[in-house]
Amino acid sequence: MKRIFYTLPLFIFAFANWAQAQENLLSKEEAIDLTLQNNLGIQVARNTQRIDDNNANLLNSGYLPTVTANGGGTIDRQNTEGTLANGETRTADGVETRRYNASVNVNYTLFDGLGRHYNYKSFKERSQQSELEVQQTIETTILQLFTVYYEVARLTENTQNLESALGISKDRLTRAQYQFEYGQNTGLDVLNAEVDINTDSINLLNSRQQLRNTMRDLNLILNRELATTFAADTTVNFVSGLEMENMHNEAKDNNIRLQIAEKQLNINNYNFKSAKSAYLPTIGLTGTYGWNESNNNSPLAFVVQNTATGVTGGINLTWNLFDGGRSITNVKNTKISYETQELLQKQIALEVERDIRNAWDSYTNALYVLEVQEKNLQTNQDNFNRTDERYKLGQVTSIEFRQAQLNLLNAELAQSQAKYSAKLAELQMLQISGQLLNVDF
């Protein structure tokens, strides 16, 4: 009856956890969708892209004319005195003069030394670079997502293995108590079994606490309620057919850091050309349509009211022959910036080549470790099964049984760790090669 007392609650508890996990399963696809939709870092990157897209618009190019409207009015009240040709003197007190004007002015730059041309191209490159930066943020966030997601999966498996280990220890305690009652062992075996149950219980509690903490970390990435409970999918599928040469070529063409660096090089090149436009003149057109009216009630005035309307047009040329050396200095500095970016691009290319080779080695090594750990797990499972049978027959001691149990538990934990480490190594390699967003998770 004691054996039933120990095993039945454990079975009910495990079934309840399994049922709840099935209801709250967070699939990999759902996690990706929630991340792309809710992650705050991705939203910030997209807002930055929107600003850069606005800057690259024709409205910010300088190619469109400027139109301004002006209007005004003045009123003068004066006391005047005047002498006519015949010597007569006339005075007027409180003479009021009213003047009104309105105009529409149009200015258009025909040529500015190609400065706006290269600035517009620079804005376009920056817009494309911003799009790449959004992709880089998404790649980094997705990798972070699966780092935490697979940690949740690993801790879930660890918790299940520790629960199984605790169940085995409780069964062992039940056997020890039966054997002690029938005089087949000493009370020491019962005490050892109780100590092992306490140890397994503490390990299980710690694992559950780590699992809850890691779930909160994942909810933070998903930008949802931190207390949301869920179960992670513990199945891992590896991408087949990966080859070092292909991954190396993909990294040269699709690595996001290389693409961003190339866009920055183009931007610096356009900035250099735009700076040289200061050496050339600026030619512009101006046009004005104006209306002016003046009213004067002075008896000395020849015209009491005057109204004028008309159109004025013109062309102007401005050539800054020397501005104290600022343009020359700006051209020199932008050229140096371009050369610096060339050096940085070469450095990034070398770093990417190093990273892809290191990632490939880590990936292949992780797959080998996983294969070894799976074999080791099978060996320890067989050893535990034989030890368990012999323990039931009284052919091995409780210490030997406990050691076989621990060996099995450690092998299960090591195999789980190796499985998720191999998958993360694969994802890191795919990110460096620029293929992370093109695979099925």
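The expected span of a helix is taken here as 1.5 Å times one less than its number of residues, and helices (H or I, at least four residues) and strands (E, at least two) are DSSP runs, numbered from the N terminus. The structure is a predicted model, in which local features need pLDDT of at least 70 and side-chain atom pairs count only at pLDDT 80 or more, while totals for chains, interfaces and linings use all residues. Residues are numbered from 1 along each chain as its sequence is written, and side-chain values use heavy atoms, with hydrogens and water left out.

Confidence comes next. The predictor's confidence in each residue is given as pLDDT, on a scale from 0 to 100. For the protein chain the mean pLDDT is 90, and 92% of its residues reach 70 or more. Over residues 1-19, however, the pLDDT is below 50. In the model this stretch has 19 contacts beyond near neighbours in sequence, a contact being heavy atoms within 4.5 Å.

Arg175 lies in helix H4 and is buried, with a relative accessible area of 13%; buried means under 20% relative accessible area, exposed over 50%, and partly exposed in between (1.4 Å probe, protein chains only). Arg154 is also found in helix H4, which covers residues 115-181, and counts as buried at 14% relative accessibility. Leaving aside residues up to four places away in sequence, Arg154 touches Ser416, Gln417 and Tyr420.

Helix H9 (residues 398-432) can be treated in the same way: its 35 residues reach 51 Å from the first C-alpha to the last, close to the 51 Å expected at 1.5 Å a residue.

The backbone around these helices has some positive phi values. Just after H4, Gly183 takes a positive phi of about 75°, and just after H9, Gly434 takes one of about 80°. Positive values also turn up in residues other than glycine. Leu114 has a phi near 70°; its place is in the loop between strand E3 (89-111) and H4, and it counts as partly exposed at 39% relative accessibility. Asn223 has a phi near 55° and lies in the loop between helix H5 (187-222) and strand E4 (231-232). At 35% relative accessibility, Asn223 counts as partly exposed.

Charged side chains supply a further set of links. With a salt bridge defined as a side-chain nitrogen of Lys or Arg within 4 Å of a carboxyl oxygen of Asp or Glu, the count comes to 18 salt bridges. Asp76 pairs in this way with Arg99, the closest N and O atoms being 2.9 Å apart. Asp76 lies in strand E2 (residues 66-83) and Arg99 in strand E3, so the pair ties together parts that are 23 residues apart in sequence. Both partners are described as partly exposed, Asp76 at 26% relative accessibility and Arg99 at 38%.

A salt bridge also joins the side chains of Asp196 and Arg172 (2.3 Å, N to O). Since Asp196 lies in helix H5 and Arg172 in helix H4, this pair ties together parts that are 24 residues apart in sequence. Here Asp196 is buried, with a relative accessible area of 13%, and Arg172 counts as buried at 2%. Arg172 and Asp196 are linked with Asp200 and Arg402 in a network of salt bridges.

Arg257 forms a salt bridge with Glu351, and their closest N and O atoms are 2.8 Å apart. Arg257 lies in helix H7 (residues 256-276) and Glu351 in helix H8 (residues 326-392), so the pair ties together parts that are 94 residues apart in sequence. Arg257 is partly exposed, with a relative accessible area of 31%.

The surface also holds a nonpolar patch of about 470 Å², made by Val67, Val104, Val106, Tyr289 and Val311. Patches are made of residues with over 30% relative accessible area and no salt bridge, with like charges joined within 9 Å and nonpolar side chains (Val, Leu, Ile, Met, Phe, Trp, Tyr) within 5 Å. Accessible areas come from the Shrake-Rupley method with a 1.4 Å probe, and for residues only the protein chains shown count as cover.
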